[in-house]
Amino acid sequence: MAIVIGVVTHVTHQELFHDAASTLRGVDLEWVSYDHEDEVRDKVAEFLGTTRLDGFLAGPVPYTASRELLPPGLPVGVIRSSALDLTLALYRAQERGWGRTPISIDTFPAEAVEAVATALELDQDQIDCLPYAPTQSVEDIVEFHRSAYHRFGDRSYVISVRAAVRELLDGQIPIMSGMPVPATIRTELHELALRIESEQASAQRFAAGVFLSSQSADEERARIGLMNLLLNTPEFAGAWIENRGRRGVVVFAHKALFERITRNWVAVPALAEAAAALGVQVSAGFGVGVSARSCVLLAEQAAARAELSSEPCAYLFEDSGVIIGPMGPAGEALRYSYREHGEDVEQLAKYVGLSAVTVSRLAALDHELEGRALSPGELAGHLGITDQSGRRLIRTLDAGGLVSVEGTAQHHPKGRPTRLYRLRVAQALKGQSWSSTAARS
C-alpha cells in the first residue's frame, strides 16, 4: 500500500509542488490548496476529517495554523526556505537589472541570510532580515518591508516567501519570490517519506509482553485465568500467547499490535479486566528489541518495574533506551522517558514541531554540555544524524527560540567560519516561557 502524504500549499504554488513531487515513487499525495492564510485552519480540519494520512507536509505558515489539529504521532515535514533558495532569488533579481543590495528579506532564517551574504560578499549593513516567527502577521511583514524601503531608498527591493505579502506589495515596491525551489521541496518530501517508512517498519518490529499476576496462595489458578482472559480478548487475536513461569504469561506480536491495545502506550485496559475477572492484581511489561530473546528480557525487566508499584500498571522498555510508563488500566497521563521526561517535554515538542524523544535527547545533551556551544555538525554527531539534518534541526530550534548564537569557530585555515550555538532546551523546560506563546499561537 502506498504512503499517503497530505500537502498544504497556496494555490499559486501548486505547479511548483507538483514539479517537486514528480520523482517520488510509492507515495500518493493529497492536496490542500488555499487562497488566503486565514482559510488554512478550516481547510485542513475538513481535510483531516475525510482523508487517511501517513504524513503531513506544509510550509511554516500553514503548519503553524494547523499544528494543533494534527493527530498525535503523525510524521510532519515543515518546508523552510534554504540558503540555495535565497541565492537563486538574488540571481533572478540581478537578471532583472536590480542591484545586489540594498534588500529586505522575510521568513528566511538569519543563519541562511548571513551565510549567503558572506559567500557572495554582500554588504550586510544593506540587508534587513525578518526571520519567520509563529506570531507574525502579514501586516507586520508588510510594514517591515515598507520601513526598509523608506530607509534604503528606491534602489532597494524585497525578497518574500509569503504570497500574501507579495500580493500586497506588488506595484508598490520591487519584489521577488523567495519560495523554495523544487529541489528544496523534493528533499523535504523524500526525507518525510523515508521517516514514514522507518516508523512503519518500526511498528512491524517484533515485540513481547509479559503479564504477571500478583503473588498469591494459588498462583497456578491465577496464571490459567490470565491465560484464558488474554486468549479470549479480541485485540490479542493476532498474537502468540504462552505460559511464562509459575504466574506469568508472555505474548508475542508486532509492535503495532501492542500500540493498539495500549492506545499508543497510554493505558492497558486488560489490567482492569484481569482485576475484575480474576480478583488479582496484574502487572505488565512490554519489550521491543532486535530478537525474540531481547524482547522477552526487556519485557520482563519492564514487568518487574511495574510490580514495584502498589497499583496495577505497565511499562515499555525499548532497546533504543526509550522507556514509557507507568501506564495504568484507565488512561492516566503518559510520561515518556529518554533519561526521563514528562509532560513539559511533550508540550515543548508540540510547540516547536519536533518529536518528544528528540526534545528529550536534546535536553539531556544540553545538561551534558554544561553551557558549551557547539556547531550543527557536532549536534548531528551527538544525535547520530546527518550533517544536513543537523543544520535543519538547528534552524527548527532557532525558530523555536531553543538555541542562541554564540560566535564562530574556524576549523580549517582556508574554510569559512562555522557558526556556534548554545542549546536553551533545559532553560526553556525550566522556565516554560514558551508556554504562553504556544497558547496564543
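**Close-up views of a predicted model**

View 1. E167 counts as exposed because its relative accessibility is 55%, and exposed here means over 50%. Keep in mind that this is a predicted model. How far apart are the C-alpha atoms of E167 and L365? They are separated by 44 Å, and the two residues lie 198 positions apart along the chain.

**View 2. An open sheet of four strands.** Let's turn to the sheet. Its strands follow the order β2-β1-β3-β4, and their pairing is parallel. Which strands stand at the edges? They are β2 (27–34) and β4 (76–78); each has a single partner strand, so one side of each has no neighbour in the sheet. From one strand to the next, the twist averages 20°. As a reminder, strands of a sheet pair through backbone hydrogen bonds, either parallel or antiparallel.

**View 3. Strands β1 and β3, with a helix packed on the sheet.** Here we look at one pair of strands. Strand β1 (residues 3–10) and strand β3 (residues 55–58) run parallel and are joined by three bridges. Within this pair, I5 is found opposite G55 of β3. Helix α2, made of residues 40–50, packs on the sheet and touches β1, β2 and β3. The direction of α2 makes about 145° with that of β2.

**View 4. The largest cavity.** Now for the spaces inside: the structure holds three cavities of 30 Å³ or more. What is the volume of the largest cavity? The value is about 240 Å³. The largest cavity is lined by 20 residues, and those closest to its centre are Y34, G59, P62, V161 and M179. Strand β1 and helix α3 (60–66) each supply at least two residues of this lining. Sorted by class, the lining has 11 nonpolar, six polar and three charged residues.

**View 5. The second largest cavity.** The second largest cavity holds about 120 Å³ of space. Its lining has 14 residues, with R67, R80, P134, Y351 and V352 closest to the centre. Three helices, α3, α13 (343–352) and α16 (387–399), each supply at least two lining residues. Which element gives the most to the lining of the second largest cavity? Helix α3 does, with three residues. By class, this lining divides into eight nonpolar, four polar and two charged residues.

Notes:
Residues are numbered from 1 along each chain as its sequence is written. This is a predicted model: local features need pLDDT of at least 70, side-chain atom pairs count only at pLDDT 80 or more; totals for chains, interfaces and linings use all residues. Side-chain values use heavy atoms; hydrogens and water are left out. Buried means under 20% relative accessible area, exposed over 50%, partly exposed in between (1.4 Å probe, protein chains only). Two strands pair if DSSP finds at least two bridges between them. Axes are lines fitted to C-alpha atoms, for helices over the stretch in contact, and angles run from 0 to 180 degrees between N-to-C directions. Contact means heavy atoms within 4.5 Å. On a 1 Å grid over the protein atoms alone, a cavity is a set of points where a 1.4 Å probe fits but cannot get out, and a pocket is an open set with protein on both sides within 12 Å along at least five of seven lines; lining residues have an atom within 4 Å of a point. Grid points are joined across faces, edges and corners, and a volume is the space filled by probe spheres set on the points. Ala, Val, Leu, Ile, Met, Phe, Trp, Tyr, Cys and Pro count as nonpolar, Asp, Glu, Lys and Arg as charged, and the others, Gly among them, as polar.
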